[in-house]
Number of protein chains: 2
Amino acid sequence: MSHRVPMAFGTLMMGLACIPVIAGDPLPSWNDGPTKKAITGFVAKVTKEGSPDFIKPADRIATFDNDGTLWAENPVYVQLAFALDRVKALAPKHPEWKDKEPFKSILAGDLKSALAGGEKSVLEVVAATHAGMSIEEFEKTVQDWIATAKHPTLKRPYTECVYQPMLELLAYLRANGFKTYIVSGGGIEFMRPWTERVYGIPPEQVVGSSGKLKLEMNNGKPQLMKLAEIDLIDDGPGKPVGIQRNIGRRPVMAFGNSDGDMQMLQWTTMDHGDGDRTPRFALIVHHTDAEREWAYDRKSHVGKLDKALDAAPAAGWTVVDMKKDWETIYPPAH
Amino acid sequence: MSHRVPMAFGTLMMGLACIPVIAGDPLPSWNDGPTKKAITGFVAKVTKEGSPDFIKPADRIATFDNDGTLWAENPVYVQLAFALDRVKALAPKHPEWKDKEPFKSILAGDLKSALAGGEKSVLEVVAATHAGMSIEEFEKTVQDWIATAKHPTLKRPYTECVYQPMLELLAYLRANGFKTYIVSGGGIEFMRPWTERVYGIPPEQVVGSSGKLKLEMNNGKPQLMKLAEIDLIDDGPGKPVGIQRNIGRRPVMAFGNSDGDMQMLQWTTMDHGDGDRTPRFALIVHHTDAEREWAYDRKSHVGKLDKALDAAPAAGWTVVDMKKDWETIYPPAH
């Protein structure tokens, strides 16, 4: 609040700082143990007024990876499932795809051959399914798809294949004055249409990979067109860049599950050499539950967790053992 | 709020929605008349529950240009003054500048010759003063400069050369549930270090022009280095791009003062062809007060206002006549 603003405003605004009181266990889907204690201990420490570890609410920035951290990423990333469905839906308008890779293999249901072309194939699919339309058209496509598409093995809408313990964690942090952000390698426009409903995270708190945009006037109507050119890959070393670009503050808590999150965790917890001694917290969700979810790490084709797992002990990062630490995985069906 | 979050949380969060009650005139530096009435009438209309024009708080996004809208931009943009001061401060480390344009002319105090090289000269100055360092180093440089530098004719810190009526407007909108953003052609990292203190706008609500960033490990410390390559020019057609990138929602109110804001105002108020009929509001600050501030528009070298002024009546944009509408220009000195 600026001191130049009329006094009445300052007083009123201070009256808005309501303090929530939490009754009962805010994290019922987390089993008691050191992992849960690490989280609640950190939050208690930094929110206690007068404590040397106190962090003022404005600085309580918590960033969450999405794929594998907030929702399931097996057997394939959800956005890839979306892209493949879009290729099928658009195929009637593209007769040439019948003889053109990677589209030919996608339409034949042969994902392995489709992706044999590597990055070039992926970019062609992204260009065909994520570009050449306005952001409003793309948003509607995502909304329509996510409302009906189902996870291939869990047989539930993807928006129900989210982790109940993480939903509780998001709410718990917000109740303690944290601002919760998604910082994902996934597409920013792919997530924004549904993150508020599913995670309570509004569009302006979603950071993700993005393509370039171009303003056009079409029939006197302004449109932001999605181009087939990459703007930011918000993964690995791109995550601190995305954080700086869209948040402009260093997080005090960061949550991930793969090597693609390692730089975000380092950026959050490591000494920057600027004298900042604010307490910081980072957590890795380790997928250890082959029965209720999937068990994967070092050799996985999705959410590979290798270097970050090795780095965790020395870095002081908390590692969730999903099998042991989570009492529940998914929210109840409804 | 997700319906999957434990019930206790949902109830608690609802209890947080405190409604501020404003006593007296929230805009005392605005003279009574149609301009002030247009602002307060719009806000009253869209915040009245049950009204067909009601806008839910989450959608109350208000975007403000900075130079010429929130603070003075004459005789030169503040960021240019900063860059020139930086060239002088860095000159001892760059003996070659004595014979190299545009630095030679800058050091001789000849701004006109310095800028004769056009965009190329500007980019060279930006590269020399805004790149090649970490974001933390740059932030500290800005903080040190802005704490001591003074406006050449007003003889006050630049952060006091802000418009009192706009400070009141920012506070008034926030008190009515609006989220206030800066969307400026100025550099994002140049603004973020002081906007919270001066305008009550936190770093994550500042959108601006930016250079590319690169994550580096220097002596085991993660650093985001500022590169000399442009990432986004957040001006003209770049403003809707910056809004989409960092906010992901279309504003319902937008405030500017120059042709560089025209596309932001159009993006805010014009029909996108998507069926959205939310009421929208846009305002142009017209600098008409040669005595208390500066009078300039169509021919100005800063904040040129020509096309947007012509477009305003048909577009339904409110135009502030600074001389007539503002009872005060700057906040009281202290």
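User: Are A:Trp145 and A:Phe190 buried or exposed?

Analyst: Both A:Trp145 and A:Phe190 are buried. Buried means under 20% relative accessible area, exposed means over 50%, and partly exposed lies in between (1.4 Å probe, protein chains only). This is a predicted model, in which local features need pLDDT of at least 70 and side-chain atom pairs count only at pLDDT 80 or more, while totals for chains, interfaces and linings use all residues. Residues are numbered from 1 along each chain as its sequence is written, chains are lettered from A and ligands numbered from 1 in the order in which they are written, and side-chain values use heavy atoms, leaving out hydrogens and water.

User: How many aromatic pairs are there over all chains?

Analyst: Start with the general idea. A pair of aromatic rings is described by the distance of the centres and the angle of the planes. Rings of Phe, Tyr and Trp (its six-membered ring) pair if their centres lie within 6.5 Å; planes under 30 degrees apart count as stacked, over 60 as edge-to-face and the rest as tilted. The whole structure holds 28 aromatic pairs over all chains. One of them joins A:Trp97 and A:Phe103: centres 4.2 Å apart, planes at 5°, so the pair is stacked. A:Trp97 and A:Phe103 are both buried. For A:Trp145 and A:Phe190, the centres are 6.2 Å apart and the planes at 50°, so this pair is tilted. It links distant parts of the chain, with A:Trp145 in helix H7 (residues 135-148) of chain A and A:Phe190 in helix H9 (residues 188-199) of chain A, 45 residues apart. Helices (H or I, at least four residues) and strands (E, at least two) are DSSP runs, numbered from the N terminus.

User: Which residues do ring pairs link into a cluster?

Analyst: Ring pairs join A:Phe82, A:Phe138, A:Trp145, A:Tyr158 and A:Phe190 into a cluster.

User: What is the radius of gyration of chain A?

Analyst: The radius of gyration is taken over C-alpha atoms, and the globule rule is 2.2 Å times the number of residues to the power 0.38. For 334 residues, a compact globule would have a value near 20 Å; chain A has 21 Å, which agrees. The C-alpha trace of chain A spans about 70 × 55 × 45 Å along its principal axes. Chain A has 13 helices and 8 strands, and 55% of its 334 residues count as buried.

User: Which residues does B:Val46 touch?

Analyst: Contact means heavy atoms within 4.5 Å. Leaving aside residues up to four places away in sequence, B:Val46 touches B:Asp53, B:Phe54, B:Ile55, B:Arg60, B:Phe178 and B:Pro279. B:Val46 lies in helix H2 (residues 34-46) of chain B. Its relative accessible area is 0%, so B:Val46 is buried.

User: How many residues of helix H11 of chain B are buried?

Analyst: In helix H11 (residues 262-269) of chain B, 7 of the 8 residues are buried, so the helix is largely enclosed by the rest of the structure. Among them are B:Met262, B:Leu265 and B:Trp267.

User: What is the phi of A:Asn219?

Analyst: Most residues other than glycine have a negative phi, and most peptide bonds are trans. A:Asn219 is not a glycine, yet its phi is positive, about 50°. A:Asn219 sits in the loop between strand E3 (206-218) and strand E4 (221-232) of chain A. With 76% relative accessibility, A:Asn219 counts as exposed. In chain B, B:Asn219 has a positive phi near 50° and 75% relative accessibility, so B:Asn219 counts as exposed.

User: Which peptide bond is cis, with omega near 0°?

Analyst: The bond from B:Asn74 to B:Pro75 is cis, with omega near 0°. B:Pro75 is in the loop between strand E1 (61-64) and helix H3 (78-90) of chain B. Another cis bond joins B:Glu101 and B:Pro102, with omega about 5°.
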